[in-house]
Amino acid sequence: MAKKEYAFYPGCTSHYRGSASNYLVSAESMCRHLDVKLTQIPDWNCCGASVSYAGSGELARHVINARNFALAEQHLPGQDIVATCAACWLNARESKEKLDASAGLLADTNEALKEAGLQYEGKAGVRHMVEVLIEDLGYEEIGRHVVKPLEGVKFAGYVGCQTNRPFGIAGESFENPVYLDQLVETMGGEAVKEYDQKVTCCGGALAVSEPEKSQKQIKDIVESAYDHGADMIVTPCPLCQANVEIYQADVNKRYGTKFNIPVTYYSQLMTVAFGGTAKDATLDGQMIRATRLEEIAAKPVKK
Amino acid sequence: MASDLNAQALARYRNDFLREVEERVDEGEWVKMCMQCGVCAGSCPFGPHWEHSPQKLFMMIRAGKRDEVLQSDSMWMCTSCYNCVVRCPRKLPITTIMHGIATYAHRLGLAPKRQPTRDFSVVFWENFTRNGRANEMRLMLRLWFKDGIGAGIKKALAMKNVGLGMLRTRRMSPFEIFGGHGVKDVKGFQAMIRKAQEIEDRRRGFTK
């Protein structure tokens, strides 16, 4: 029996062949090593993301998230909901806080949910995968699973916005959160502690709609990683990962830079450090290859 | 109709735009709590691009500058980074209020036409409410081709390397064009959203 079980909310980008499918596979690999069992919430839906507000409205956006809570409560009773995506977590958590604080909003929400034959009872907790790692397992326990320390690799821990604000990880500061650096060090890697763009916004959804404005953000984020000698960037957010990785060529064109730095997920680092293969860590899902991680993944485990 | 809704709102609130925002905008009741310190303005990553900071919009709401606020494109430039929210000494949910003002302006038909993030927002909402989950492939195609075939092909060519890279790394599937992933209970999902909007319209006085 698995040590810990969660109702998993992967989100829209994490499905098979979605833009964050490498996050999905590597997070599942990481959890297998940690004896954490993830069961997808049956028939989960989109959280509304950050940018769908024009068509939504307050109640609709809470109802959308409450549908996932209700499904989790019904099918996976007693389990906390765990999201890997920053926006999924933020939206779900915001809705949960609002619904738990207002009986009126909860009644309206349940009236709407009835149309889908569901009811939210306020039981399911909402967590981010990083919270599970840090709070439910802890650095020490995670460290025990490391069989291939990521020695000699320098990581710029790019936390970004939505796992950090407005809720953040308990005990961390909004301006200089250090959990990602601590995870890197737990994996035996070197964290670039003076990385000064770790909480800079990548432009979010506006990287698509207003790229000329967003690419300045991406330039700052990548440039600082280079300035501090990082070999690669690591992040907990799928939109941060995508924006900072896939637009580097565009940024180069716009600013005359020569950026080509890998942007990975913490779950990929951890899978490799736990002895997983490059395939388990979906390193083939990187547009900019993380060769240093590939080399470590290819090495045999020292007995 | 949007113009009817605007006329109805003007008749209902007359010159009291603050009350209109408080009653009709998500988290609008917080606007009067702003103490005009300007930390939000200095914390916004898109600061160099907008005309009206949150601070300015809040003061304009209190000053009754209805048209200027609802026609502004500034709140559409919110990236949802929440930097202003965590730094606000009064802890105002500024991000949600920005989205809320944008939503209201859009609803009344007053939001600036062809504002790219407004277009994206509408397309995104339609995209995932169609079958319960966001479909990245359809989302991109819809955005590229929203200004016609010619503009779409040009945009697709400009994005060619990103697209090919995503295909090569198996982070995009062309098969998503045909339906793609979604929830099983699409009917229940859509009925639930319709009901939520109907309830909210009643609560906010859009309908009786």
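## Strand pairing in chain A

Ala156(A) stands opposite Ile233(A), a residue of strand E7 of chain A. In this predicted model, strand E5 (residues 154-157) and strand E7 (residues 232-235) of chain A run parallel and are joined by three bridges.

Both strands belong to an open sheet of four strands in chain A, in which the order is E6-E5-E7-E8 and the pairing is parallel. Strand E6 (190-191) and strand E8 (263-265) of chain A stand at the edges with a single partner strand each, so one side of each has no neighbour in the sheet. Helix H7 (residues 179-186) of chain A lies across E5, E6 and E7 of chain A. The direction of this helix makes an angle of about 160° with E5(A).

## Domains of chain A

Chain A is divided into domain 1, covering 4-130, and domain 2, covering 142-298. The C-alpha centres of these two domains of chain A are 24 Å apart. Contact between them involves 25 residues of domain 1 of chain A and 27 residues of domain 2 of chain A.

On the side of domain 1 of chain A that touches domain 2 of chain A, helix H1 (21-33) and helix H3 (86-101) of chain A each supply at least two residues. The largest share of that side, nine residues, comes from H1(A). By class, the side of domain 1 of chain A that touches domain 2 of chain A comprises 14 nonpolar, ten polar and one charged residues.

## Architecture of chain B

Chain B contains twelve helices and zero strands. Read from the N terminus, the elements of chain B run α-α-α-α-α-α-α-α-α-α-α-α.

Along the principal axes, the C-alpha atoms of chain B fill a box of roughly 55 × 40 × 30 Å. Of the 208 residues in chain B, 42% are buried. Among contacts in chain B between residues at least 6 apart in sequence, 63% join residues at least 24 apart.

## Interface between the chains

In the contact between the two chains, 54 residues of chain B meet 52 residues of chain A. The elements that give two or more residues to the side of chain B that touches chain A are helix H6 (83-87), helix H7 (94-107), helix H8 (116-131), helix H9 (136-144), helix H11 (160-168) and helix H12 (186-203) of chain B. H8(B) provides the largest share of that side, with eleven residues.

By class, the residues of the side of chain B that touches chain A divide into 25 nonpolar, 17 polar and twelve charged.

## Backbone exceptions

Most residues other than glycine have a negative phi, and most peptide bonds are trans.

Pro166(A) is placed in the loop between E5 and H7 of chain A. Strand E5 of chain A is paired with E7 of chain A, and helix H7 of chain A lies across E5, E6 and E7 of chain A.

The place of Asp43(A) is in the loop between strand E2 (36-40) and helix H2 (58-75) of chain A. Asp43(A) counts as partly exposed because it has 18 C-beta neighbours inside 10 Å. With 15 other C-beta atoms within 10 Å, Arg170(B) is partly exposed.

## Confidence of the prediction

The model scores ipTM 0.96 and pTM 0.96. Chain B has an average pLDDT of 94, and 100% of the residues of chain B score at least 70.

Notes
Residues are numbered from 1 along each chain as its sequence is written. Chains are lettered from A and ligands numbered from 1 in the order in which they are written. This is a predicted model: local features need pLDDT of at least 70, side-chain atom pairs count only at pLDDT 80 or more; totals for chains, interfaces and linings use all residues. Two strands pair if DSSP finds at least two bridges between them. Two residues are in contact if their C-beta atoms, placed from the backbone, lie within 7 Å. Axes are lines fitted to C-alpha atoms, for helices over the stretch in contact, and angles run from 0 to 180 degrees between N-to-C directions. pLDDT is the predictor's confidence in each residue, from 0 to 100. Ala, Val, Leu, Ile, Met, Phe, Trp, Tyr, Cys and Pro count as nonpolar, Asp, Glu, Lys and Arg as charged, and the others, Gly among them, as polar. Domain bounds come from an automatic or database domain assignment. A residue is buried if 20 or more other C-beta atoms lie within 10 Å of its own, exposed if 12 or fewer, and partly exposed in between; C-beta atoms are placed from the backbone.
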